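This report sets out selected features of the protein shown below.

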Amino acid sequence: MKTTFKRWTRTLIIMALVILIAMPTGLASAVPKAITRATSVRVESTAKVYIGNDGIGSTHTLSHSILPAAASANRDSSLRAWSSDDTRVVTVSASGVIKAVNFGTTYVRLHLEDGTGLESKCKVTVSKQPVLTITLDHAERSSLPGKKVQLTAKVTPANAYSQTVKWTTGNKKLATVDQTGLVKLIKPGVVKITATCGKVYAKCTFTVGYDFEKAKFRLVTISNDNYPASIGKTPAWKAGADTIHEYFRQMYDEGPMPSITRFENQTGAQMRAIIANLANYKLTTEADVFIVYYSGRASTGADTKGALLGIDGDKASGIVTIAEVQAMLDKVPGTVILILDCQMAGQWIKVKGAQDFNQAVINQFRSSTATNYVPKAIEGSTRSKYKIIAACGGNGKVYGVLGGEDEDEDVDDLEGGDGYTLFSKTLARAFDGKADTNQDGIITLREIEKYAIARLQTEVKAYNKAFKKNVTQKLNIWPLNDYIPVFVGGGEDDDDD
């Protein structure tokens, strides 16, 4: 009997040891954790979900907060219970994601099961899926009067109930649009076409260009480089002007520019005669454009800063002041585009003093009808008679590279040229198609603004790096956001170097 008792005792001891060895893990899982109770719970007060025209309901994750941050319900999802008052309208997942089932309104609740009984609710409305965005295939377009351009609108999401797009024009005299998005261009100017769907809309800005069978471009280039030794010759400026002149010759060859004239190394008196003679051109239409391109030195006199400088030097006979040029160009029909590749060119835009050129009118152009001149062919426009592209600011300098010189080794010489100015190289790239962002073959002042201002800074950086210099040069344009065509025939160019 005693032997049997001892045997059972040993067996029980062994079993107890086995249980004790296994117990720590088991006990740890069996012992309940301490719960930190929440003091508050909040769910977003209202939410919307939608059902699309395909019957599929959208989803939305409800935001919520539980305080304090250390509350157990923040860590343990089993202490959070989501429920919908009407699952025929909205369902809710264990993580608070609601999904539309049917149209209507109900409440979704978050209940805490941490012993507090705290609860918060959200009012959920299910309605038809609205249009959230609308985009057009083009934000900007330009073409000629009489042309038709098809715009295409895309609405999202694709299962929105109402996808009917309403098309409207900002000016029926310039362009009309039917309810398929087909735009018919009528007269030169700038007009916005709007596509509206529900509460969202998108716009395309149309530049109705010039009818080149009627409106003509004329170019006069004046390039001076043979200055007295006291002033300094400017062969790089002449080379740059050669390149720009050749780009404009493309317009001459293609038709829209019936007159292209080049003058080199002119005295002040000769330049006055050239500019004054522009008034003798017969007006084809009041949308005609005269482009005057000047490359050379400018006067640095206190009262004549930025004035054009003849090869007879910085003296009374050689200086053609801004006021003189303005008085002569007032008599020129149509719009005048001045392109100035000379130091202090910004004086033609910037008023004397600290006022920024972008915020000022061309103060030097103030006589008679010039400031308020509005061509009848651009009805309703507030454009000035004058458009100006200046190589630098009012007190700025311009820089150039003469190919083959040891001192100024060429960075990236223009093809076929002897050199260039940084400004002429920038314009050449623009005219070569890089500024033609919509690839319609028409480069507007606005497109030059968007491309050339930044591009010139790239050229300046390359110049500084190549020649170990630290110069600055900033291209100025007046007015900004102007869509008058400057160059025709740019075309597409895929080279972004």
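Helices (H or I, at least four residues) and strands (E, at least two) are DSSP runs, numbered from the N terminus. On that basis, Lys468 lies in the loop between H7 and strand S29 (476-478). The model is predicted.

**Overall composition**

The secondary structure of the protein consists of seven helices and 30 strands. Of the 497 residues in the protein, 46% are buried. Among the contacts with a separation of 6 or more, 67% are between residues 24 or more positions apart.

**Helices H6 and H7**

Helix H6 (residues 422-434) packs with helix H7 (residues 445-467) at an angle of about 135°, and their axes are 9 Å apart. H6 is therefore oblique to H7, because angles over 145 degrees would be needed for a roughly antiparallel pair. The crossing in which H6 passes H7 is right-handed.

On the side of H6, the contact is made by Leu422, Phe423, Lys425, Thr426, Leu427, Arg429, Ala430, Phe431 and Lys434. H7 contributes Ile448, Tyr451, Ala452, Arg455, Leu456, Glu459, Val460 and Tyr463. Sorted by class, the contact of H6 with H7 comprises eleven nonpolar, one polar and five charged residues.

How many of the 13 residues of H6 are buried? Twelve of them are, so H6 is largely enclosed by the rest of the structure. The buried residues of H6 include Lys425, Arg429 and Lys434, and these three residues also take part in the contact with H7. Ser424, Ala428 and Gly433 are buried as well.

**Asp242 in helix H3**

Asp242 is placed in helix H3 (residues 235-254). Is Asp242 buried, partly exposed or exposed? Its relative accessible area is 24%. Buried means under 20% and exposed over 50%, so Asp242 is partly exposed. Leaving aside residues up to four places away in sequence, Asp242 touches Arg262 and Glu264. Thr221 is 21 residues from Asp242 along the chain, and the C-alpha atoms of the two are separated by 9.3 Å.

**Backbone geometry**

Most residues other than glycine have a negative phi, and most peptide bonds are trans.

| Site | Backbone feature | Value |
|---|---|---|
| Leu67 to Pro68 | cis peptide bond | omega near -5° |
| Thr156 to Pro157 | cis peptide bond | omega near 0° |
| Met344 | positive phi | about 60° |
| Lys468 | positive phi | near 55° |

Where are these residues found? Pro68 is in the loop between strand S4 (64-67) and helix H2 (72-75). Pro157 occupies the loop between strand S13 (153-156) and strand S14 (166-169). The loop between strand S24 (335-341) and strand S25 (386-390) holds Met344.

Note on methods. Residues numbered from 1 in each chain as written. Predicted model: local features only at pLDDT ≥ 70, side-chain atom pairs only at ≥ 80, totals over all residues. Heavy atoms only, no water. Buried < 20%, exposed > 50% of the residue type's maximum accessible area, 1.4 Å probe, protein only. Contact = heavy atoms within 4.5 Å. Axes fitted to C-alpha atoms, helices over the stretch in contact; angles between N-to-C directions. Parallel < 35°, antiparallel > 145°, perpendicular 65-115°, else oblique. Left-handed = near helix turned anticlockwise from the far one by under 90°. Nonpolar A, V, L, I, M, F, W, Y, C, P; charged D, E, K, R; others polar.
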